[in-house]
Amino acid sequence: MGPARRCLRAGLLPLAVVVAADTDCGQDVGCLVKALTIDEKLRFFAGDLDAIDHIPGVPRLGIPEINMGDGPNGVANTIAGTATSFPCNRAIGDTLDHDLARRYARAMSKEFKAKGKNMLLGPGVNLARVPQCGRMDEYISGD
């Protein structure tokens, strides 16, 4: 498996990387990294200092911006009445119903997309072995 595929599987790159016509990198991650300037590379680590949930893209290389949305139970809401409060992820995992989990994920992803997000920070998967973990409701689990 090549480095581009490993990065995509690890969630390190947006799924759609479109390269500008003036480069011949295609979707070759190594080529794209070489084409980036030092400043462009550093922006991926620092992100947008005005918004921690945004990493600017590199339009000249066709690398899209990343707009993250936090909220393992739905998009984090900053405007009252504009987001769904989904059931906790643990409840979905406890049903062991794959179809319900798919419908839950589709509904949540539609809302994230509608709010301009292209990366979801959560939900997570975890086994509930330590009851003191204060965030167990955020994890999908079958325990």
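Colleague: Is C88 buried, partly exposed or exposed, and what is its relative accessible area?

Modeller: Please keep in mind that this is a predicted model. In it, C88 is partly exposed, and its relative accessible area is 28%. The class follows because buried means under 20% and exposed means over 50%, with partly exposed in between.

Colleague: How many disulfides does a search of the whole structure find?

Modeller: The search finds one disulfide. It joins C25 to C31, with a distance of 2.0 Å from S to S. The angle about the S-S bond is -65°, and the link of C25 and C31 is left-handed.

Colleague: Which accessibility classes do C25 and C31 belong to?

Modeller: C25 has a relative accessible area of 8% and is buried. C31 stands at 24% relative accessibility and counts as partly exposed.

Colleague: Where does L96 lie, and is L96 buried or exposed?

Modeller: L96 is found in the loop between helix 4 (89–95) and helix 5 (98–114). Its relative accessibility is 62%, so L96 counts as exposed.

Colleague: How is a pair of aromatic rings described?

Modeller: Two quantities are used: the distance of the centres and the angle of the planes. This structure holds one aromatic pair. F86 and Y104 form the pair, with 5.7 Å centre to centre and 80° between the planes, and the arrangement is edge-to-face.

Colleague: Which parts does the pair of F86 and Y104 tie together?

Modeller: F86 belongs to the loop between strand 2 (66–70) and helix 4, while Y104 belongs to helix 5, so the pair ties together parts that are 18 residues apart in sequence. F86 is buried, with a relative accessible area of 12%. Y104 also counts as buried, at 9% relative accessibility.

Colleague: My last topic is a charged residue. Where is the place of E111, and which side chain of opposite charge is nearest to E111?

Modeller: E111 is placed in helix 5. The nearest side chain of opposite charge is that of K115, 6.0 Å away. E111 is buried yet has no salt bridge, because a salt bridge requires a side-chain nitrogen of Lys or Arg within 4 Å of a carboxyl oxygen of Asp or Glu.

Colleague: Which residues does E111 touch, not counting residues up to four places away in sequence?

Modeller: On that basis, E111 touches V75, T82, A83, T84 and F86. F86 is also a member of the aromatic pair with Y104.

Conventions. Residues numbered from 1 in each chain as written. Predicted model: local features only at pLDDT ≥ 70, side-chain atom pairs only at ≥ 80, totals over all residues. Heavy atoms only, no water. Disulfide = S-S within 2.5 Å. Buried < 20%, exposed > 50% of the residue type's maximum accessible area, 1.4 Å probe, protein only. Helix = DSSP H or I, 4+ residues; strand = E, 2+ residues; numbered from the N terminus. Phe/Tyr/Trp six-rings, centres within 6.5 Å; stacked < 30°, edge-to-face > 60°. Lys, Arg positive; Asp, Glu negative; His and termini not counted. Contact = heavy atoms within 4.5 Å.
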